[in-house]
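Visitor: I am new to this structure. Could you show me how to read its features?

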Amino acid sequence: MHTHNLLELNSNENSLGMAESAKQAILQSFDIGFRYPDDQRAALISKIAEINGVTESEVSLGNGSSENIRAVVQMLQTKALKAGKQFQVIVPDPTFAYAELYALSIGESVVKVPLTPDSYDLDFDSLQKAANEFDGISLFYLCNPNNPTATITATDKLRAWIKEAPANHYFLLDQAYSEYITDPSFESGVEWVKQELSDNLIVVRTFSKLCALAGMRMGYAIANPQTTAAIEAFMSIDNTNLSGAVAVLATLDDEDFLARSLSITNQSREMVEATLDELGLRHLPSQANFIFHEVKGNVKAYMDRMREHGIVVGREFPPIEGFSRLTLGTPDEMAVFIKVLKSFREKGWV
């Protein structure tokens, strides 16, 4: 439950709030709330295809991209079963947990491969080794930019790895934060789907972050038409709610809102990075709407103290110790956080 007097900087939500255009679209949609959202769903698929430069047959809408992730895991489990093979999910550690949770819930094994020490990047060799030592189907779940680190991995290495992978290795690239990336070396997995880099590549994206629609549960997957059709078989039918569909359509057309949303996050990131630098607290290069930064002392104690000051910050993500994940709210919110953080330094807590 959300406690409204607390400043919530722990779930990577967009505290700018929904676009006014999205709110209006939802209000207007009440008049047709008794109809199934077939038309709006079709319009949204068309819009997503247009934005990404793919065909509509390459788009699968999700009730949040978490539904797309679940469907990919189930689709590959079934594929393995039919072929009389084993199935496993390989994840970097730490990363966003949903692929792992879905796999475990259906009795499949998950291999966790720690990020590289110090730079906290993907350990390509160890990830590959985990798949090579396995006879069945392996799914690599790769969140890029990664959550909780907010960093991206080397584009050339990732592209070459996916391109050269054998037929029993699949790649699920979660690009929930891709709109925030400033590193010019980054290439979207969507481009690789278009280039037919691999038949085994699925990219998921969400409207929860930049579009500020986390509560509307709207996301999507992009893959080649055959893979998309296979994933669709595991999606719930009519899974798109009317409010979410019209809210996304309105937001995607609202260029002013999207530009403001991005610039506010960028402004907040600069404020926080400058403060962390001033305090000598290490932070990883953030390509997302959150920052993974060092905390001197016990992270749990730091979280508790922040909460006492009305701020909810992100937790520690084992096996990485001594870091906290901080969501970038509005500049006003970050000014409050910065003031409290500096007071903690004066008390010798961070």
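Predicted model: local features only at pLDDT ≥ 70, side-chain atom pairs only at ≥ 80, totals over all residues.

Visitor: Which residues lie nearest the centre of the largest cavity?

Guide: Look for Leu-122, Cys-143, Asn-144, Asn-146 and Thr-153. They belong to a lining of 13 residues. By class, that lining has seven nonpolar, five polar and one charged residues.

Visitor: What volume does the largest pocket have?

Guide: Its volume is about 620 Å³. The lining of this pocket counts 29 residues. Closest to the centre are Ser-11, Phe-96, Tyr-98, Asn-147 and Lys-209.

Visitor: Which helix gives the most to the lining of the largest pocket?

Guide: Helix 3 does, with three residues. Helix 3 covers 65-82, and strand 10 covers 311-313. Each of these two supplies at least two residues of the pocket lining. Sorted by class, the lining residues of the largest pocket are twelve nonpolar, eleven polar and six charged.

Visitor: Now the backbone. What should I look for there?

Guide: Most residues other than glycine have a negative phi, and most peptide bonds are trans. Now look for the exceptions here. The bond from Asp-93 to Pro-94 is cis, with omega near 5 degrees. Pro-94 sits in the loop between strand 3 (87-93) and helix 4 (98-105).

Visitor: Where is Pro-145 placed?

Guide: Go to the loop between strand 5 (137-143) and helix 6. The peptide bond from Asn-144 to Pro-145 is cis, again with omega near 5 degrees.

Visitor: What is the phi of Tyr-120?

Guide: Phi is near 55 degrees there, a positive value in a residue other than glycine. Find Tyr-120 in the loop between strand 4 (109-114) and helix 5.

Visitor: Next, the helices. How do I describe a packed pair?

Guide: Two packed helices are described by the angle between their axes and the distance between the axes.

Visitor: Is the crossing of helix 5 and helix 6 left-handed or right-handed?

Guide: Helix 5 passes helix 6 in a right-handed crossing. Helix 5 makes the contact with Phe-124, Leu-127 and Gln-128. Helix 6 brings Lys-157, Leu-158 and Trp-161. By class, this contact of helix 5 with helix 6 has four nonpolar, one polar and one charged residues.

Visitor: At what angle do helix 3 and helix 4 cross?

Guide: They cross at roughly 45 degrees, and their axes come within 9 Å. Helix 3 and helix 4 are therefore oblique to each other. Helix 3 passes helix 4 in a right-handed crossing.

Visitor: Which residues of helix 3 and helix 4 meet?

Guide: From helix 3 come Ser-66, Ile-69, Arg-70 and Val-73. From helix 4 come Tyr-98, Ala-99, Tyr-102 and Ala-103. This contact of helix 3 with helix 4 divides into six nonpolar, one polar and one charged. Notice Tyr-98, which is also listed among the residues closest to the centre of the largest pocket.

Visitor: One last pair. How do helix 2 and helix 9 cross, left-handed or right-handed?

Guide: Helix 2 passes helix 9 in a left-handed crossing. The axes of helix 2 (residues 38-52) and helix 9 (residues 242-253) come within 9 Å and cross at roughly 35 degrees. Among the contact residues of helix 2 are Ala-43, Leu-44 and Ile-51. Those of helix 9 include Ala-245, Val-246 and Leu-249. By class, the contact of helix 2 with helix 9 has nine nonpolar, one polar and two charged residues.

Definitions and conventions
Residues numbered from 1 in each chain as written. Heavy atoms only, no water. 1 Å grid on protein atoms, 1.4 Å probe; cavity = no way out; pocket = protein on both sides within 12 Å on 5 of 7 lines; lining within 4 Å. Points joined across faces, edges and corners; volume = space filled by probe spheres on them. Helix = DSSP H or I, 4+ residues; strand = E, 2+ residues; numbered from the N terminus. Nonpolar A, V, L, I, M, F, W, Y, C, P; charged D, E, K, R; others polar. Left-handed = near helix turned anticlockwise from the far one by under 90°. Contact = heavy atoms within 4.5 Å. Axes fitted to C-alpha atoms, helices over the stretch in contact; angles between N-to-C directions. Parallel < 35°, antiparallel > 145°, perpendicular 65-115°, else oblique.
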